[in-house]
Protein chains: 2
Amino acid sequence: MDLREKLIESKLLYDGKILKLRFDTVTLPDGELSTREIVEHPGAVAIVPITADGRIVLVRQYRHAIGDLMLEIPAGKLDAGEDPLACAYRELEEETGYSAGSLRYLSSVYTTPGFTNEKIHLYVAGQLCETKQRTDNDEFINVEIYSCMQIRSLIDTGVICDAKTMLALLLSGVLS
Amino acid sequence: MDLREKLIESKLLYDGKILKLRFDTVTLPDGELSTREIVEHPGAVAIVPITADGRIVLVRQYRHAIGDLMLEIPAGKLDAGEDPLACAYRELEEETGYSAGSLRYLSSVYTTPGFTNEKIHLYVAGQLCETKQRTDNDEFINVEIYSCMQIRSLIDTGVICDAKTMLALLLSGVLS
């Protein structure tokens with residue numbers, strides 16, 4: 001059976017500063033109609049920054065969606081038309097105040113394809129140089145540096161519970 | 001500095017069959033006002049099902065958000081008030097037609113905390129018994145079984161590109 005759905009009608013319900021919400025009607029493989037709620041997202045990058053002595057630079061910030069502070073790898077949304085690699089260099093420096101001498105590509109992943117097209121491009125950053133943190137007006141970020149042993153413990157105890165952070169750390173090989 | 005934001009006003013823009021969209025006004029740590037677009041999601045489970053001979057049961061389905069078929073571990077949304085472990089047993093059997101004799105908890109992760117509260121509970125399933133696939137009316141799913149060597153190759157080549165699938169497979173230890 002062809003598993004594909006065919007788009008019948010698409011309604012843009014919300015067009016916001018970051019997200020768009022669509023309400024789509026589709027034909028299912030059996031010919032029946034169904035509806036899909038889809039969140040459009042511009043895409044993002046996330047970076048595992050490794051210091052010269054093998055520690056990892058993380059960011060702590062308040063996540064209003066969760067209602068709590070979270071410890072994550074630095075990350076940020078793609079500007080319109082922006083190259084993911086350029087975005088990774090930019091976001092790393094803006095969020096952490098470290099510029100990368102080199103970036104290694106890890107993978108590009110869909111965060112939650114059941115309802116959004118958000119794709120995150122994952123990198124490892126090395127040869128870090130201290131510059132200056134330059135966050136957006138609505139971003140307030142603490143930079144914290146941990147050893148790989150500490151990171152493993154933060155994952156095991158559920159303190160680090162952000163999927164992209166855990167996935168990128170595991171893919172990078174720093175925890176093995 | 002206290003990094004927390006304070007909620008000033010919350011507007012429910014959309015209340016759908018799966019998602020809700022909120023537009024919240026918050027006070028930032030510096031006292032300025034900002035707005036946050038938040039998608040409320042009921043939460044979900046995802047399961048790494050391992051057969052008696054050490055292979056992995058995956059599901060292939062069309063993801064309208066991406067506009068393509070994707071290969072993922074079985075997963076599904078929590079019903080209102082449902083226990084995640086019970087949901088994992090239920091969703092595994094419904095989506096794959098295999099019931100689990102045992103489930104091992106791996107982790108609970110936020111898929112993309114920048115804009116949604118979606119939390120996924122990850123499990124490993126063993127002692128599988130063939131029963132019968134019973135998908136929802138709007139779900140069309142092919143069940144495919146791969147060796148761990150094949151899974152590694154599907155990840156390396158980007159065929160598997162779903163974050164929860166990659167994370168759960170790595171956390172489960174089947175790829176090491």
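**Chain A and its strands**

Guide: Chain A has a mean pLDDT of 97, and 100% of its residues reach 70 or more, pLDDT being the predictor's confidence in each residue on a scale from 0 to 100. This is a predicted model, in which local features need pLDDT of at least 70 and side-chain atom pairs count only at pLDDT 80 or more, while totals for chains, interfaces and linings use all residues. Residues are numbered from 1 along each chain as its sequence is written, and chains are lettered from A and ligands numbered from 1 in the order in which they are written. The scores of the model are ipTM 0.97 and pTM 0.97.

Chain A is divided into domain 1 (6-40) and domain 2 (44-172), with bounds that come from an automatic or database domain assignment. The centres of these two domains of chain A, taken over C-alpha atoms, are separated by 30 Å. Contact between them involves 5 residues of domain 1 and 4 residues of domain 2, where two residues are in contact if their C-beta atoms, placed from the backbone, lie within 7 Å.

Turning to the strands, β2(A) and β3(A) pair in the antiparallel sense over 8 bridges; strands here are DSSP runs of E with at least two residues, and helices are runs of H or I with at least four, numbered from the N terminus, while pairing requires that DSSP find at least two bridges between two strands. Within this pair A:D24 stands opposite A:R36 in β3(A). The two strands β2(A) and β3(A) form a hairpin with 5 residues between them, and A:G31 in the turn has a positive phi of about 95°.

The strands β8(A) and β9(A), the latter covering residues 119-130, run antiparallel and are joined by 11 bridges, and A:A100 has A:L128 in β9(A) as its bridge partner.
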